[in-house]
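Subject: Structure for you to look at

Hi,

Here is the structure I promised to pass on. Please open it alongside this message, and I will walk you through what turned up.

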Amino acid sequence: NLRLQEFLAADDVLGLSDNEAAELLSLGSVWRFHGIVSEAAIGAQKAEWVRHHGGQVVASPRRGRGVGSWHRERYGGVMVNRGDLLRIHTRPKRFPGASEVDWASRILLRNEDILAVSKP
């Protein structure tokens, strides 16, 4: 068992730096499935891998996801256990154009109580 941030930084997993792992967590790019996943949803090959690593998979003829739901993980200190099913977006594309904007030039008002920005 490892803490989530250590797991993301492990060389045999993603090999991210601590800062990169923390950034993915803060952006909401790491999800964990709580429940039992459906084989129809992930396919037989992935289902076998999940079973081999201690996870639970239900054989379902329907294309449903299984019993449970995905939850966003934002805290790197939570433990990752054998069989946990994670979805990690290593290159999130939430607002790709945001880094191209000169935000300092768009500030209309700034004081202790408020920051007003002209959003493109």
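Let me start with Trp70, which counts as partly exposed because its relative accessibility is 21%, and the cut-off for buried is under 20%. Please keep in mind throughout that this is a predicted model.

A search of the whole structure gives one aromatic pair. The partners are Phe33 and Trp70: their ring centres are 5.3 Å apart and their planes meet at 70°, so the pair is edge-to-face. Phe33 belongs to strand β2 and Trp70 to strand β4, so the contact ties together parts that are 37 residues apart in sequence. Phe33 has a relative accessibility of 8% and therefore counts as buried.

Trp70 also has a charged neighbour. The charged end of Arg87 sits over the Trp70 ring, 4.4 Å from its centre. What else does the charged end of Arg87 sit over? It sits over the ring of Trp31 as well, at 5.4 Å from the centre of that ring.

Next, the salt bridges. How many does the structure hold? There are two, and Arg32, Glu73 and Asp84 are linked by them in a network.

In one of them, Arg32 pairs with Glu73, with the closest N and O atoms 2.9 Å apart. This pair links distant parts of the chain: Arg32 is in strand β2 (residues 30-38), while Glu73 is in the loop between β4 (66-72) and β5 (79-80), 41 residues apart. Both partners count as buried, Arg32 because its relative accessibility is 7% and Glu73 because its value is 11%.

Asp84 also forms a salt bridge with Arg32, and here the closest N and O atoms are 2.4 Å apart. Asp84 lies in the loop between β5 and β6 and Arg32 in strand β2, so this contact ties together parts 52 residues apart in sequence. Is Asp84 buried, partly exposed or exposed? At 26% relative accessibility, Asp84 counts as partly exposed.

Asp84 leads on to the pocket. The largest pocket has a volume of about 580 Å³. Its lining is made up of 20 residues, and those nearest the centre are Phe7, Trp49, Asp84, Leu85 and Leu86. Which of the elements gives the most? That is β6, with four residues. Sorted by class, the lining has ten nonpolar, five polar and five charged residues.

One last stop is Arg82, in the loop between β5 and β6. Arg82 has a relative accessibility of 60% and so counts as exposed. How far apart are Arg82 and Asn1 in sequence and in space? They are separated by 81 residues along the sequence, yet their C-alpha atoms are 6.9 Å apart.

If you have time for a quick tour, I would begin with Arg32, since Arg32, Glu73 and Asp84 are linked in the salt-bridge network and Arg32 counts as buried at 7% relative accessibility. From there, go on to Asp84, one of the residues nearest the centre of the largest pocket.

Best wishes

Key
Residues numbered from 1 in each chain as written. Predicted model: local features only at pLDDT ≥ 70, side-chain atom pairs only at ≥ 80, totals over all residues. Heavy atoms only, no water. 1 Å grid on protein atoms, 1.4 Å probe; cavity = no way out; pocket = protein on both sides within 12 Å on 5 of 7 lines; lining within 4 Å. Points joined across faces, edges and corners; volume = space filled by probe spheres on them. Helix = DSSP H or I, 4+ residues; strand = E, 2+ residues; numbered from the N terminus. Nonpolar A, V, L, I, M, F, W, Y, C, P; charged D, E, K, R; others polar. Salt bridge = Lys/Arg side-chain N within 4 Å of Asp/Glu carboxyl O. Buried < 20%, exposed > 50% of the residue type's maximum accessible area, 1.4 Å probe, protein only. Phe/Tyr/Trp six-rings, centres within 6.5 Å; stacked < 30°, edge-to-face > 60°. Lys NZ or Arg CZ within 6 Å of the ring centre and 35° of its normal.
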